[in-house]
Amino acid sequence: MLPIERQNRIKELILDKHNMKISELSKEIGVSEMTIHRDLKPLIDEGMVIKTFGGVTLATKNTSKNTVSEVCVFCSRKVNERLAYRIFLSNNKIEVACCAHCGLLRTRHLGDQVVQSICPDFLRQTTISAPLAWYVMDTSIQMGCCHPQVLTFEWKEHADKFVKGFGGNVYSYSEAMEVIFQKMNGNEQCCGKHH
């Protein structure tokens, strides 16, 4: 099978199933996972699919990295990939928030519809599971996104060291969700916009 034929088959599978693991695509098409990664690159570049942890998912207008108009699902601010927070829903849709501030508020609002959330580790820029992350608020560093600002860290030790240098408080996922909600005082004003 030629690369273009494999890519067309991958497109068909993704359009049908919306998201798949690399290992599933490898078995389905009968080639190595490395070949699947190579075949996916043009599809990712054209914005048809986005990479997820261990797989790919069909891009929608709110998930395509190449879409200039990618905006936060919560505050409508343009999404900066360095801070982006992705929420995976039970209906196979993915919502993108501009930062952990909006991601936590949106996750709290969606409740049981949320299957998983991912965010970047602030220091290492690796993708991490949001429910396992540590959240820093009230730090002196300002990233130019929503207020109160929330930064995410994979390890509590890194969050604690960051706070030693730049001030702030460290929270677990559930604590951070409640604290940000309380800080918004039920008014839910973010970036100067009402929700």
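A residue is called buried when its relative accessible area is under 20%, exposed when over 50%, and partly exposed in between (1.4 Å probe, protein chains only). The structure is a predicted model, in which local features need pLDDT of at least 70 and side-chain atom pairs count only at pLDDT 80 or more, while totals for chains, interfaces and linings use all residues. Residues are numbered from 1 along each chain as its sequence is written, and side-chain values use heavy atoms, with hydrogens and water left out.

**Exercise 1.** Determine whether Arg106 is buried or exposed, and state what is in contact with Arg106.

*Solution.* Step 1: Arg106 belongs to helix α4 (residues 100–110); helices (H or I, at least four residues) and strands (E, at least two) are DSSP runs, numbered from the N terminus. Step 2: the relative accessible area of Arg106 is 17%, so Arg106 is buried. Step 3: contact means heavy atoms within 4.5 Å. With neighbours within four places in sequence set aside, Arg106 is in contact with Val73, Phe74, Ile87 and Glu95.

**Exercise 2.** Identify the buried residues of helix α5 (residues 156–166) and explain why they lie on the same side.

*Solution.* Step 1: Ala159, Phe162 and Val163 are the buried residues of α5. Step 2: they cover an arc of only 100° around the axis (taken from the directions from the helix axis to the C-beta atoms), which places them on the same side of α5. Step 3: Glu157, Lys161, Lys164 and Gly165, on the other side of α5, are exposed. Step 4: the cover over the buried residues of α5 includes β8 (134–137), β9 (150–153) and β10 (169–171).

**Exercise 3.** Classify the packing of helix α2 (residues 22–29) against helix α3 (residues 33–45).

*Solution.* Step 1: the angle is about 100°, and the axes are 9 Å apart. Axes are lines fitted to C-alpha atoms, for helices over the stretch in contact, and angles run from 0 to 180 degrees between N-to-C directions. Step 2: α2 is therefore roughly perpendicular to α3, a term that covers angles of 65 to 115 degrees.

Terms used
Parallel < 35°, antiparallel > 145°, perpendicular 65-115°, else oblique.
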